[in-house]
Amino acid sequence: MTGFRPRKATFVQVLFLISQITWFAGVNVRGQEPATATQHVIVDRIEFLGNRRLRSETLTARIFTRPGDAYNEEALRRDFQALWNTQFFEDIQLRVEDSPTVANGKIVVFVVKERPVIRRIRYEGLHSITESDILDRFKERKIGLTVEGQFDPTKIKRAEVVLQELLGEHGHQFAKVNPQYERIAASNAVILVFKIEEGPKVKVGKVIFTGNHAFSDRKLLRAMHNDRPYTIPLYFTDFPVLSKTFDKEKLNEDLEVGVRGIYQDNGYFKVIVNDPIIQNIDTARYKLGVPLPKVGKSFGKAVNITIPIEEGAQYHMGTLKIVSADPDKTLSLKVEALKRLFPLKQGEIFSADKVRKALKNYTSAYGEFGFIDFTPEPETDVDDATKTVNMTLKFDEQKQYYVRRIDFSGNTTTRDKVIRRELLIDEGQLFNKRLWEISILRLNQLNYFERIEADKAAEIKRNTRDGTVDLLLKVKEKGKQSIGLQGGLSGLSGAYVGLTYQTNNFVGLGETLTLSTQFGERQRNYTFGFGEPYIFDRPIATGFTVFSSQFRYNQQQELSILENQQVSLNPATEQNYTQNSTGFTTYVSSPWHRHPFARLGVTYGYTLTNINASTNAAQVLFETLQYRSFAGPSALRGIRSSKITPSITYNTIDNPQNPTHGKSFFYSVGLEGLGGNTKAISQAFDTKYFRPVNHHRNVLGFHLQAAFTTGYGGDEVSPYNRYYTGGDDSVRGFDIRTISPITYVPVATSTPVTFDVPNNLGGGGVSSRTVAVPVVTYTIVYPGGDTQVVGNMEYRIPLIGSTLSMDLFLDAGINGILRRSQLKLDPQGLTQLQSEFPNAHIGNTLPLAPGSNFAPRTSTGVEFVIQLPVIQAPFRVYWAFNPDIYYHTVTAPNSSWYLSKTFCDSLPTNVCDQIITPTLDNLLKTPQTIDFHEKRSTFRFTVSRTF
């Protein structure tokens with residue numbers, strides 16, 4: 001290992017070489033007869049010795065002297081300097097010899113020693129940063145130090161400085177970087193090694209402000225985003241948890257943007273934030289934050305920062321003038337209209353932030369009229385006597401541009417007209433920057449291309465003479481064919497998996513072709529769909545979907561999961577059924593001409609449903625609920641739903657998969673009953689809102705959905721069309737279809753009673769006899785609600801680009817029955833029950849369990865989402881804690897029975913009074929009771945997103 005000592009030709013060395021040249025020339029002159037006026041000394045040839053990687057022809061091209069030229073010492077000095085400036089050599093010698101073949105000829109010899117080649121670069125002792133970080137910083141600073149590059153001491157010194165800066169940004173202010181090299185034997189190459197001693201990581205210690213009176217220390221510290229500690233905010237103070245790493249550049253940013261900014265945004269226009277006083281200190285902290293046995297302390301470095309502030313006086317807004325930067329030209333827009341855009345009124349507290357926003361608004365306003373090079377120049381006149389800031393805005397409008405041509409590149413499959421129809425500006429029109437940005441947003445919503453940036457993807461070529469621009473929009477297509485995967489493991493729905501194949505840009509015309517399937521232990525779905533976004537080259541979208549689904553309901557399994565224990569139900573009252581549905585939907589929508597992101601649409605759907613009851617109780621449930629115009633066994637077969645749904649949609653969300661900003665609204669009203677045998681009206685509302693936070697690094701998302709449905713014309717909503725909340729798409733901590741009111745359905749069944757009767761045959765004795773006694777019992781069911789409201793909030797933190805993210809979430813939802821009259825028995829079924837059991841008090845409206853109707857549920861937790869670029873599916877695992885759960889003991893009403901006189905007369909004397917009645921009293925005095933104990937926490941893996 002050799003210590004690095006850069007070699008270069010010193011001034012003395014150069015003088016020595018020049019004297020050598022002069023000495024050689026003098027020797028040759030003295031050794032000959034004096035030349036006559038006609039004899040000239042010429043350069044016979046030029047030789048290079050010692051060059052191995054560089055060809056002699058390349059070096060000859062670098063100098064000015066050529067064979068046959070007159071010998072000139074000044075020219076040779078210039079050639080020597082030219083070779084040295086190439087930075088190819090670490091040593092150069094120049095010799096001049098007499099030519100043995102040419103009279104009066106000289107041979108010029110350059111003896112060079114090439115700089116070695118760097119074969120490898122190693123970084124020893126590196127822990128806090130990666131080699132990738134170093135290479136990125138070298139590329140950013142244009143260091144030019146690479147493998148197979150020449151050994152350049154200047155570049156190595158610059159790399160050393162950059163390495164120290166990079167380590168300092170990661171808290172290692174006392175890092176030492178020592179570059180060394182190892183020569184590789186038998187070759188002119190070296191291994192460059194950076195010996196690094198990172199030293200302790202320097203943390204931010206105490207931050208002290210002096211001279212501040214207008215703002216508290218806490219408020220000023222919160223304005224320092226880079227240096228304030230991680231804290232738990234309390235009402236009057238903040239509880240520090242973890243200190244941030246010290247970085248001098250970030251501290252300067254906090255002083256200028258944070259501290260100085262908060263003062264100037266509140267009128268302290270002449271505030272002075274002096275240079276901070278930095279004090280390095282040694283620290284000793286417990287490793288786990290608290291003293292524990294056998295757990296020592298960690299020692300490190302920290303800096304205490306003292307920030308002196310001179311607040312000065314508070315200033316108010318004075319007069320505002322808006323003039324043209326060119327005194328010979330008037331403004332194109334009216335001055336009064338421009339003044340109304342300025343957010344500060346005369347006499348208000350001056351705010352630098354509002355001025356910055358005003359300049360941005362003026363740039364956008366002029367951009368709508370083709371002034372794409374508009375530049376506002378603010379000038380301030382501070383009146384210290386009145387403590388006001390008078391402002392003059394000079395507008396340099398420059399040229400107004402029209403669009404001459406719009407071209408596209410990168411769309412190898414997508415046709416030009418598919419892109420052009422999303423643009424709101426056309427050739428020959430003013431170049432409206434706002435409409436151009438909206439057009440880019442519309443293209444991003446298509447999800448045909450990689451994310452397009454409005455200010456980067458377009459190449460604008462100006463023609464200042466004609467006042468026109470040519471636009472070249474560069475796009476990069478996504479794979480038009482995508483395979484989506486859905487699935488997970490849920491208690492009620494069991495293990496399930498879904499596969500979706502979608503062509504979202506069929507043959508480059510924008511059509512969508514979808515084939516999806518989902519199957520699991522309890523449900524199965526098949527769907528085929530086709531969508532056309534532009535029909536007959538008009539912005540009218542249309543399409544259709546054909547589907548088939550099956551759902552298997554098992555009441556015992558559902559109750560076991562809800563109670564978190566095994567539950568046994570009476571087979572006579574257990575409700576199990578299978579629902580099979582097939583149908584289709586078709587839709588058409590058109591944009592609302594007043595709003596570019598709003599659409600009006602109408603959807604028609606037809607569904608044929610058959611219900612196969614696995615138990616007698618389930619059959620009675622569907623036969624006796626009044627959700628159709630007829631009852632009895634026919635109520636389970638041939639349920640036809642014909643539904644038309646008009647809707648309105650507004651959507652400005654930038655990306656359907658990974659949104660960062662925008663909002664959407666959806667509202668629909670569905671009318672069911674035109675052509676089918678079910679009648680219902682439903683309303684649905686859904687809204688989303690995404691906002692970038694934390695300097696656009698994270699995303700805050702909100703989601704709200706609400707729905708209501710009711711029957712009409714004397715019919716109720718069918719049980720399978722009611723709302724069941726819970727699951728991955730609503731309230732994550734609860735299982736699918738578990739948030740619902742609880743009701744009791746009367747079921748007519750029978751109970752066997754055995755009694756002894758005397759044997760009238762010879763021999764005497766008794767014999768056993770069993771009779772079936774009709775009884776009415778109440779079974780606990782989930783009818784679903786007619787109203788539901790669900791809200792979701794997420795704070796999304798990207799960890800690895802768009803591939804891995806961590807989301808903090810809070811879900812809340814309620815589900816209930818608003819119209820109790822819509823949950824009643826069919827008149828025929830009710831009459832039959834009342835006739836069989838005249839002594840039972842059976843009403844036509846089903847009773848609800850106390851506390852189950854509109855019982856709020858909340859869930860909060862953290863989830864990790866992995867989205868692979870090849871498989872368009874978000875894989876996620878999440879843990880949820882449920883603060884609000886349903887924790888009640890549900891008791892069904894008492895069972896009833898009726899013993900008619902005919903039935904009792906058919907039995908031996910006194911059997912009804914003395915045997916059957918006491919037996920039924922003993923058997924049925926305890927009604928069905930279930931303890932609902934919903935889980936407090938859930939850990940789950942799924943392939944989906946909530947919103």
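Predicted model: local features only at pLDDT ≥ 70, side-chain atom pairs only at ≥ 80, totals over all residues.
Select Phe 939 first, together with its neighbours: setting aside residues up to four places away in sequence, Phe 939 touches Val 877, Tyr 878 and Trp 879. Phe 939 belongs to strand E40, which covers residues 937–943. Draw a distance between the C-alpha atoms of Phe 939 and Trp 879: the value is 4.4 Å, although the two residues are 60 apart in sequence.

Is Phe 939 buried or exposed? Its relative accessibility is 63%, and because exposed means over 50%, Phe 939 counts as exposed.

Next, select residues 911–924, which form helix H16. Its 14 residues should span 20 Å at 1.5 Å a residue, and the end C-alpha atoms lie 18 Å apart, which agrees. Centre the view on Thr 917, where H16 has a kink of about 25 degrees, shortly before the proline Pro 918.

Which residues of H16 are buried? They are Val 911, Cys 912, Ile 916, Leu 920 and Leu 924. In an α-helix, residues three or four places apart point the same way, because there are 3.6 residues a turn. Now display what these buried residues pack against: strands E31 (743–758), E32 (766–781) and E38 (896–897), along with helix H15 (901–905).

Finally, zoom out to the whole chain. Its secondary structure amounts to 16 helices and 40 strands. Of its 947 residues, 44% are buried. Among contacts with a separation of 6 or more, 66% join residues 24 or more positions apart.

Conventions
Residues numbered from 1 in each chain as written. Heavy atoms only, no water. Helix = DSSP H or I, 4+ residues; strand = E, 2+ residues; numbered from the N terminus. Buried < 20%, exposed > 50% of the residue type's maximum accessible area, 1.4 Å probe, protein only. Contact = heavy atoms within 4.5 Å. Expected span 1.5 Å × (residues − 1). Bend = angle between axes of the 7 residues up to and from the residue.
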